Amino acid sequence: MLFEELSEALLQDTTCPISTVHAAHTLGEIYSGAAAHHLSSASLLEPAKADPKLCVDFVTSWNTKCGIAEFTRFYYDVIKDLVDVKIYPNQAANLVRSDEKIVTDRVWEVHKQPSFLIKLLSESSAPIIHIQYTEGFFRVQDIVDIFSCCKGKKFLLTCHNTLYLKPETQREKEILNTAHYVVHQGKDLQQLLDNGISEENIHLIPLGQ
């Protein structure tokens, strides 16, 4: 079962910054449940009954001098034998290593409307889109556009800050509440609550504990 395998992999890897019991179980549940919902209309946290080789599209920085890029690599190294991952990175110069086969072309720019990224994500067969979010990457409207244009998929945001992830309209609030959010600090959890995100959609996973 994917949930159990992901949990075990995360727990055993002591180098991964999210190697905690809570992290392993939370991320295992979210991925497994998202697959189950996509394939059989099950609830989000129901373990998947289908092929455990799940496909996930990651939107993140990659192979750059960026803490988020390295964070994602740690996570990828743990799950790569259990999950088929495709990386959708931003445009960047001076890469620290060459892009691997799992990497698409560099298809988005920071703080610019990600129309080509949205097109690729919407056409992808992967049931899950996992975004490494920081306000330095995307505006809230960009996230809303991704969610609204990629119908039928499940969304997971790992939030490295949350202050500006705030809906301006009721429609935006409803769209943002279709995702699940992982935060690493209590203040970010509270900020999301203040921003109108439902508590049931937020998962607090402290780093390095």
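The chain folds into 7 helices and 6 strands, where helices (H or I, at least four residues) and strands (E, at least two) are DSSP runs numbered from the N terminus. This is a predicted model, in which local features need pLDDT of at least 70 and side-chain atom pairs count only at pLDDT 80 or more, while totals for chains, interfaces and linings use all residues. Residues are numbered from 1 along each chain as its sequence is written, and side-chain values use heavy atoms, with hydrogens and water left out.

**The chain as a whole**

- Read from the N terminus, the elements follow the order α-α-β-α-β-α-β-α-β-α-β-α-β.
- Of the 209 residues in the chain, 53% are buried, a word that here stands for under 20% relative accessible area, with exposed meaning over 50% and partly exposed lying in between (1.4 Å probe, protein chains only).
- Among contacts between residues at least 6 apart in sequence, 65% join residues at least 24 apart, and a contact means heavy atoms within 4.5 Å.
- The accessible surface amounts to about 9,800 Å², and carbon and sulfur atoms hold 51% of that surface; such areas come from the Shrake-Rupley method with a 1.4 Å probe, and for residues only the protein chains shown count as cover.

**The sheet**

- The 6 strands form an open sheet in the order β2-β1-β3-β4-β5-β6, with parallel pairing, and two strands are said to pair if DSSP finds at least two bridges between them.
- Because β2 (83-88) and β6 each have a single partner strand, they stand at the edges, and one side of each is left without a neighbour in the sheet.
- From one strand to the next the twist averages 20 degrees, with axes taken as lines fitted to C-alpha atoms (for helices over the stretch in contact) and angles running from 0 to 180 degrees between N-to-C directions.
- In a regular strand the side chains alternate between the two faces of the sheet.

- Strand β1 (residues 54-59) runs parallel to β2 and is joined to it by 6 bridges, and leucine 54 has valine 83 in β2 as its bridge partner.
- Between β1 and β2 the chain passes through helix α3 (residues 67-79) in a right-handed β-α-β crossover, which means that, with the strands pointing away from the viewer, the path from the first strand over the helix to the second runs clockwise.
- At β6, the partner is β5 (residues 180-183), and these two pair in the parallel sense over 3 bridges, with valine 182 opposite histidine 203 in β6.
- Helix α7 packs on the sheet and touches β5 and β6, its direction making about 170 degrees with that of β6.

**Two loops that meet**

- Asparagine 195 sits in the loop between α7 (186-194) and β6 (202-204), and asparagine 195 counts as buried because its relative accessible area is 5%.
- Beyond residues up to four places away in sequence, asparagine 195 touches Thr162, Leu163, Leu165, Lys166 and Pro167.
- Proline 167 belongs to the loop between β4 (154-159) and α6 (170-176) and is also buried, with a relative accessible area of 13%.
- Leaving aside neighbours within four places, the contacts of proline 167 are Glu172, Lys173, Leu176 and Asn195.

**Cysteines**

- The whole structure contains 0 disulfides, a disulfide being a pair of cysteine sulfur atoms within 2.5 Å.
- The sulfur of cysteine 150 lies 6.5 Å from its closest cysteine sulfur, that of cysteine 149, so the two are too far apart for a bond.
- Cysteine 150 is buried at 1% relative accessibility, and cysteine 159 is buried with a relative accessible area of 1%.
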